[in-house]
Amino acid sequence: DSSMGRRRTAIGTPYWMAPEVIACEHQLEYDYDVRADVWSLGITTIEIADGTPPLFGENPMRALFKIPKNKPPTVQRPTSWSKHFNGFITRCLVKDFEERPMARDLLHHEFIRFVPKDPKMFRRKLKSFIDQYKEKTGAGEVGGGGADDGDSGSNSSTSYSDTSKRKMKALGTMEMVEDLATLEFIDEGIMVSHLMKRYKKKLIYTYVGDILISVNPFQKLDIYNEKYSKLYCGAARSENPPHVFAVADSAYHAMLREGRDQCCVISGESGAGKTETSNILVQQLMRLGKAETRMLEEKILLLNPLMESFGNARTVINNNSSRFGKYLELHFTQSGRIAGAHLSEYLLEKSRVISQARREKNFHIFYYLLAGLGTRNQLDKYKLKAAHQYRYLEHGGTVKGKSKRTVIFSERFELIKTAFELFGFSEKEFDGLCSILAAILNTGDLRLETDFQSHFGDISVISNRYLIKDIAVLLGVRLEDLEVALTSSQMVMHGETIVRPNTFEQAVDCRDAMAKALYGRLFSWIVNKINPSLESPSNRRGTLRNIGILDIFGFENFRINSFEQLCINITNEQLQFYFNQHIFAWEQDEYRREGIDTTEVMYVDNRPLLEMLLNRPMGLLELLDEESKFPKATDLSLAEKFHRNFKQSPYYRAPKDGGPVFTIVHYAGPVMYDCAGFLEKNRDTLRREISEVLKNSDNFIVRSLFFAPLSRTGNLMALVEKGSKARGAGVPLSATPLFSRRAPVASNKERFHSRGLRVTGGE
């Protein structure tokens, strides 16, 4: 056709449309000609190779938005096809249509010239392949199994203004829907009904556009084996049922194809299965990326179990609850091989070290330590005792012979020791680490009493002095210095140092603050020690691409909620705000900018709540910081300050009696918080006397924990030699706080593309 006039393209569906055709629909100054069909020919060629055109798994409106902005697509596996075939696709898919060849020019392309003048042989081969497929599957046509076509035809005259009929239609076809975004009518009830019906059939994964919803089955499902892993490798999203493997594959190939970093954000309630989902995601990415060395692969696979032993604990609703946030970044070469990794940790729940709620436990590592050292007959070496109930392990901390639980914990201790060896920890470092953990357990058993006979008045003394001697040995400090630091404090007045005895309450605070500081800094030190062994060579970092996996504690609402739950839930509020921005606000803004006509989607914007919590200078956290600076402030005075300042907010509820509790109306529902301990937990102070004693320790790990500075968020900062340009030099191990103490502001999209996984509990 020699005509260059504007006309309709021969292919009408959105996935085949050329960029200039889409642009012309919305901007009159754009034009196009018959070369739009050459673009469609290139897309059809990809479909022949891959089975589906690019972006076929996307919502059609989203595809119309992405086609003009994305790079020209290619087949999913270019290396599986000849260079002439790939070259033909590249020649067809030139985004500037004025540079794109005419159809007659393509007749001279090497790929077309390769076809013989008489194509009968190819036709016979193709017919033979089709006949073989039909015999094997018994199918009359490829791609069957969808919803009954008769239904759609019979409903052609349905009045779509009738909401109830549309709702019934959606409910009637629910088992056939894998992506809830494709439903014509959707609300909360329909979503829950769909998820419930799929869950009962053990279909735990469901798409909602770019988001994958996972419902925790609370049982082992045989859908994570090698067979399923291969099924999702390089496959289009529409080829297989929804699965976390598909998210991994989508992120991996998008990173390679688009050259952009990717991020998988995993969120959900506590106990919904986020940690397990994170582990599965990492394992699939490892299969896709094939680490450059076997040792690197083993390190990355052992990283999550190791960090879970130090950062996870049993809660009332989850036996393996994450009590910290982690962001694991996997580094890939341009060819897609895993070259390294980097871990960041956030908001460790240090208060769990010294106390746990009823039916909850301390961090796993303490129980593994007791069982493992008991099996090795090394309890005496670390001043520990079998069958002893430690105060910091109130709810189950004894070593009882060869019980099943003890055997399991002992095996996990050995696994942890193996992991430390793999990450390059020396025997001396592991010994020092065990000594610190043992010292923390013994610290909790220090008995502090008030000496009423002292002429100094109400002062504290340590009644079991034999135990403080053991703690001093484990920490490598002088007994006298440690005892004085715990039972007295120093202050300088008029140039003179005055030593003042601590009261019983002050001494208890010193004891517990030391235990929390030791554990919190040890946790950061382990991350700091692990990261260099995972890093890729510095000369390659500029060429690497990354896939990040964010796994944080879920939204919590217990019988008694304290400062820890407030921090956790504020973090989840910010994550919810991110989802709202990413899924609703930014997408609708870009549709409007592109001139695409869409129906406005209504959603609950939690920005006002975040402003109430994070605004300066009158946000809730700012008022908490302000009250924490007053020595005579109490939890009741804090609650009264909150009541005065937020009584007009629809997101804040004060009790009728004005007591030390308050309720926040979160996106997930109202949560009542008890102010008891808020001020002390927020201050998180360690007396200078304790810090100075530990800085002089003979245990080199203890010494480094208290010489290294802390970041603004309380994490240990990496000590790097002068002049070093290693990653993280002078930067906290958690390079950025997980939740910011600032209200959200409008911003550009991140440097990476995000994929959401919303995880929820089952029945």
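Reader: How many helices and strands does the secondary structure of the protein come to?
Author: There are 27 helices and 16 strands. Helices (H or I, at least four residues) and strands (E, at least two) are DSSP runs, numbered from the N terminus. Please keep in mind that this is a predicted model, where local features need pLDDT of at least 70 and side-chain atom pairs count only at pLDDT 80 or more, while totals for chains, interfaces and linings use all residues. Residues are numbered from 1 along each chain as its sequence is written, and side-chain values use heavy atoms, with hydrogens and water left out.

Reader: Why is Arg100 called buried?
Author: Buried means under 20% relative accessible area (exposed is over 50%, partly exposed in between; 1.4 Å probe, protein chains only). Arg100 has 2% relative accessibility, so it counts as buried. Of the 763 residues of the protein, 48% fall in that class.

Reader: Where is Arg100 found, and what is it in contact with?
Author: Arg100 is found in the loop between helix H4 (83-92) and helix H5 (103-106). Contact means heavy atoms within 4.5 Å. Leaving aside neighbours within four places in sequence, the contacts of Arg100 include Ala18, Pro19, Glu20, Trp39 and Arg91.

Reader: What makes the pair of Arg100 and Glu20 a polar contact?
Author: A polar contact is a pair of N or O atoms within 3.5 Å; within protein, one must be able to donate a hydrogen and the other to accept it, and residues adjacent in sequence count only if both atoms are side-chain atoms. The side chains of Arg100 and Glu20 are joined by such a contact, at 2.7 Å.

Reader: What makes a group of residues a nonpolar core, and which members of the largest one touch the most others?
Author: The term covers buried Ala, Val, Leu, Ile, Met, Phe, Trp, Tyr and Cys residues joined through side-chain atoms within 4.5 Å. The largest such core has 117 residues, of which Phe310, Leu384, Tyr519 and Ile526 touch the most other members. Helix H20 (residues 504-534) gives this core its largest share, 15 residues. Another core, of 28 residues, lies apart from it and has Phe577, Met612, Leu624 and Ile664 among its members.

Reader: How do you know that the buried residues of H27 line one face of the helix?
Author: The buried residues in helix H27 (residues 700-707) are Ile701, Val702, Leu705 and Phe706. Seen down the axis of H27, they fall within an arc of 125°, so they line one face of the helix. The arc is that of the directions from the helix axis to the C-beta atoms. As background, an α-helix has 3.6 residues a turn, so residues three or four places apart point the same way. The cover over the buried residues of H27 includes helix H17 (427-444), helix H18 (465-475), H20 and helix H26 (688-695).

Reader: What caps the N-terminal end of H27?
Author: The cap is Asn699, with a side-chain oxygen 3.0 Å from the backbone nitrogen of Ile701.

Reader: What makes S6 and S7 a pair?
Author: Two strands pair if DSSP finds at least two bridges between them. Strand S6 (residues 325-332) and S7 have eight bridges, in the antiparallel sense. Tyr327, for one, has Ser344 in S7 as its bridge partner. Their hairpin has five residues between the strands, and there Gly336 takes a positive phi near 100°.

Reader: Why is S13 called an edge strand?
Author: S13, S14 and S15 form an open antiparallel sheet in the order S13-S14-S15. Strand S13 (652-653) and strand S15 (669-674) are the edges, since each pairs on one side only. Strand S14 (residues 661-666) is joined to S15 by six bridges, and Val665 stands opposite Pro670 in S15.

Reader: What is the phi of Lys290, and what kind of peptide bond joins Arg616 and Pro617?
Author: Most residues other than glycine have a negative phi, and most peptide bonds are trans. Lys290 is not a glycine, yet its phi is positive, about 45°. Arg359, also not a glycine, has a positive phi of about 70°. The bond between Arg616 and Pro617 is cis, with omega about 5°. Pro617 has its place in the loop between helix H22 (607-614) and helix H23 (620-628).
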